[in-house]
Amino acid sequence: MAALQLEGLARHYGEREALSGVSLTLKEGQTLVVFGPNGAGKSTLLRVLATLLRPHAGSVSVLGRRLPQESWAVRGRIGLLGHEPLLYRELTARENLRFHARLHGVAAARVEEVLELVRMRGRAAEPIRTLSRGMVQRVAIARAVLHDPQLLLLDEPRANLDPAAIELVDPLIGAGSRRTRVICSHDPGGGLAEADLVLGLRAGRPALLRAAAEVTGTEIAELYR
Amino acid sequence: MSTVVPDRSSVSAGERTGASDGRAPGTFAVVRALLRKELLVELRTLESVPAMSLFSVTTFVVFHFALNRNSVDGDLAAGILWVTLLLAAILGVNRLFVADAEEGGFDGFLLAPVDRSAMLLAKALALLAYLLVLELVAVPAFGLLLLGPSLGQALPVLLGVLALGDLGIAAIGTLVAALAVRTRARDLLGPLLALPLLVPIAIGGARASSPLLALTHPGAPAARWLLTLGLYDLVFGLIAYALFDFLLED
Amino acid sequence: MYGKGLRALSISTVAVMAIALGLVFFYAPLEAEQGFLQKIFYVHVPLAIIALCGFVAGGIMAIQHLRTRDSRWDMRSYVAIHMSLIFAVATLITGSIWAKGSWGHWWVWSEPTLASFLIVFLLYGTYQPLRFSIEDPERQARYASVFAVTAGAFVPMNFIAVRLSTAYLHPRVLGSTSNLPPRMAVTFLVSLLGMALLYTTLCKYELTAKHTRAQLRALRRRAETRSGAEDASGAYARRPRSAAPSVAAPTIAAHTAGRPGV
C-alpha cells in the first residue's frame, strides 16, 4: 500500500491556483523532499497532506485513506512540524505535551519518554516563552512525534537547530526514524541526500518529479531562478 | 479511552465510515483536556477574568456619575446590571480564541483525531466559568455601590436568572469569537456581531430581574421571560453546535 | 443562464406596482384616525415583510452553501442579504415618516417592528465589514454563510422577543395588520405582491450582473494565459480586496465549457 497517492491535486485561493496538477506516489518508509521558491505551494501541499486543508480537485490518498472524506480516520497517524511550534507560550513544555497527549489518547508516560529523547527533561517545567528558539524547536519535534505517527510532514525541520541538536533528533524525524516522510527544504545539498523522491514546485505546478538518484543540484537550483 | 468518535466536519453525511485507525479519545475526555488547558492558561495569564470583573465595577462607578443617582431599583437597576454584564462579557469574548489563533493552537487541535465540536463545548464552558466568576464579583459590587433595595432573599433567584442568561451568552459569545478571531478586524467585529445577537438575552434577563430588584413589593420573575431566555439559549446553543465545525475547517 | 426571464419579471413587477399604486390612491378607503398618511402602511409593512423573508431566505441559501460548497449559493445568499438590508433601511425610513406624521416623533420605541428592524439592521450592517476583513475568498464565503445562518435564525426570534417586551408597555401605535376591511386587505395584498416581485427582480439583476462580470474576468484571464502572459496570478494580486463574492474559477470553467466559441 502506498503511503501517499496523489492524482491531479489542486487547490485554489480565490482565482489563483495555489497547487495544480500534483500527482505522485510515495511508498512506505520513503522520503519525499519538496523544493521550490517561496510561494510555490510547498506549505500548502504539506497542509493538504496533514488534512488541514481540503483538496479542491484531484484525489489524495494518505496512508490508504481518501482525503477529505476519511481525514478523521487518518489524522492520528500523521505528525506535522510546520513553521509554528504549535505550543502555548504560557504553559510549560510538559504541560503542552501532556495536553497534546490527551488529545491523541497517548499515555502520560510517553510524554516523559519524548522529553528525554529531545533532552528537554531538565527544562520541561519552564514556560515555553522562556526557552530559546532551538529548545522550542526541540519541544515542537517532541510534540510532532509524541503519538508515534506513521507519516511525518516536516517544513524545514532543521531550522533553529545547532548540529548537535540535529544529530539528536535524527532518530525521531531524520533518516534514522525510518518513517515515511515529506520534507520541505531550501537546502539542495542536504535535502537531496536524504530524499528518495524529489518534487520541485513552481507557482503551484510540479516542475520536477523524479527519483532522487536522477536529480542533480543544478536542476534544483533552476527552480529558484 | 479508545471510544471512537468520527468528527463531522470534513465529512458529509453518508460518507462517514467506521472506526478511526488507532487511538481516538472520546469527546468527553477531549473536552476535559481542552477545558483544563483553557483554565490553566487563564490562571497563568489572568487575562480575562480580572479584566472583566474590574471593568464591571468601573462601569458601575461611571453609571453613578453619568446618571447622577445614588441608588437605583426596579427596571433601572435591572437594566444597568445586565448592560454592564453584557459589556464585560464582550471583553471576555474578544480574548477567547486569541491565544489559539496566535500560538497555533487551532492547528494543534485540528491535527488531533477528535470531534471538533469538543472545542466549542470546552470554550463555551470556559466562558461560562468566567462569567460566573465575574458575577460573583459584580453582583455584590452592584449591591454595594448602586442598588437601593437590599438583595437578601432575592440573591439566589437573581443568580439563577443570571446563570440562565449566561448559557446563552456563552453559546453566542463562543460562536462570535470563533467567527471574529480569524478576521483582520477581530477586536471590532466581535462586539459588533455579539451585541445585537445578545439583545434578546438583555430583554429577557432584565425583564426577569426587574421584579427581584424592586424597591416596594419585590416579586418573582415572570415565567414568560424565563421561557424566552431558555428558548433562546436552546436555539442558539444548537445553532452554534451545528455551525462551529465550518469555522474551524479549511 | 442567469438572464433568462429577466424581462418578463421586470414587466410584471412594473405592472403589479402600477396596479398597487392605483389601488392605494383610488381604491383603498381613507382611514378614520390617521387620514391620508395611513397609506404609507401599504408601503411600510410589505417592505418589512419582504425584508424579513429575504433575511431568512439568505440564511437558507447559506445553509445550502455550507452543505454543497457551491459558491453560487454564497452569491445568492449575499445578494439576498444585500437587497434585504436595503429594504430594511427603507422600512425604517417609511416607518419613521409614518411615526412623525401620526405621533409627531421621528422615532417611537412602542412600535415593535421599528425596534426589531433597528436591531436587525445593526446586525446585518456587520455583514459587509465581516466579508471585507477576510481575504481568503473561500473562507470569506464560508464565514459569511455561518453569519447568515445565525443572523437568519436570529431575525424571527428577535422579532418575538421585542414584540413581547413592548406588548405590555404601550398599545400598538401604527395599527395592526389583522382584521383589515376587505378593500384595505386587497390593496395590501397587491402591494405585498408588488414588493415581492420588486425584490426578486432586483436580486436577479444583481445576480446576472455579477455572473456576467465573473465570466468576463474568466475569459480575460484565459486570453491572457493563452497569449503567453508570464504570470496570470499577478492579475489576481492586482485586484483590490473585495467584500463581494465572486464565483470561483472552477465553477466558471464548468459553466462555460462546451459552449461554442469559448
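Trainee: Which residues in H2(B) meet which residues in H3(B)?

Mentor: Please bear in mind that this is a predicted model. From H2(B) the residues are B:Ser48, B:Ala51, B:Met52, B:Phe55, B:Ser56, B:Thr59, B:Phe60 and B:Phe63. They meet B:Ile80, B:Thr84, B:Leu85, B:Leu87, B:Ala88, B:Leu91, B:Gly92 and B:Arg95 in H3(B). By class, the residues of this contact comprise 10 nonpolar, five polar and one charged.

Trainee: Why are H2(B) and H3(B) called roughly antiparallel?

Mentor: Helix H2 (residues 48–67) and helix H3 (residues 74–95) of chain B pack at an angle of about 150 degrees. Angles over 145 degrees count as roughly antiparallel. H2(B) and H3(B) are therefore described as roughly antiparallel to each other. Their axes lie 9 Å apart, and H2(B) passes H3(B) in a right-handed crossing.

Trainee: How many helices and strands are there in chain B?

Mentor: Chain B has nine helices and zero strands. Read from the N terminus, its elements run α-α-α-α-α-α-α-α-α.

Trainee: What makes up the contact of chain B with chain C?

Mentor: The contact takes 24 residues from chain B and 23 residues from chain C. On the chain B side, the elements that give two or more residues are helix H7 (154–181), helix H8 (186–209) and helix H9 (223–248). H8(B) gives the most to this side, with 10 residues. The residues of the chain B side are 17 nonpolar, three polar and four charged.

Trainee: How do you know that H8(B) is roughly antiparallel to H4(C)?

Mentor: The axes of H8(B) and helix H4 (residues 112–124) of chain C cross at roughly 150 degrees and come within 8 Å. Since roughly antiparallel means an angle over 145 degrees, H8(B) is roughly antiparallel to H4(C). B:Pro196, B:Leu197 and B:Val199 of H8(B) make the contact with C:Ile119, C:Leu122 and C:Leu123 of H4(C). This contact has six nonpolar, no polar and no charged residues.

Trainee: What elements does chain A have, and why is chain A called as compact as a globular protein of that length?

Mentor: Chain A has eight helices and 10 strands. Its radius of gyration is 17 Å, close to the 17 Å that the globule rule gives for 225 residues, so chain A is as compact as a globular protein of that length. Along the principal axes, the C-alpha atoms of chain A fill a box of roughly 45 × 40 × 35 Å. Of the 225 residues of chain A, 52% are buried.

Terms used
Residues are numbered from 1 along each chain as its sequence is written. Chains are lettered from A and ligands numbered from 1 in the order in which they are written. This is a predicted model: local features need pLDDT of at least 70, side-chain atom pairs count only at pLDDT 80 or more; totals for chains, interfaces and linings use all residues. Two residues are in contact if their C-beta atoms, placed from the backbone, lie within 7 Å. Helices (H or I, at least four residues) and strands (E, at least two) are DSSP runs, numbered from the N terminus. Ala, Val, Leu, Ile, Met, Phe, Trp, Tyr, Cys and Pro count as nonpolar, Asp, Glu, Lys and Arg as charged, and the others, Gly among them, as polar. Axes are lines fitted to C-alpha atoms, for helices over the stretch in contact, and angles run from 0 to 180 degrees between N-to-C directions. Angles under 35 degrees count as roughly parallel, over 145 as roughly antiparallel, 65 to 115 as roughly perpendicular and the rest as oblique. A crossing is left-handed if the near helix is turned anticlockwise from the far one by less than a right angle, and right-handed if clockwise. The radius of gyration is taken over C-alpha atoms; the globule rule is 2.2 Å times the number of residues to the power 0.38. A residue is buried if 20 or more other C-beta atoms lie within 10 Å of its own, exposed if 12 or fewer, and partly exposed in between; C-beta atoms are placed from the backbone.
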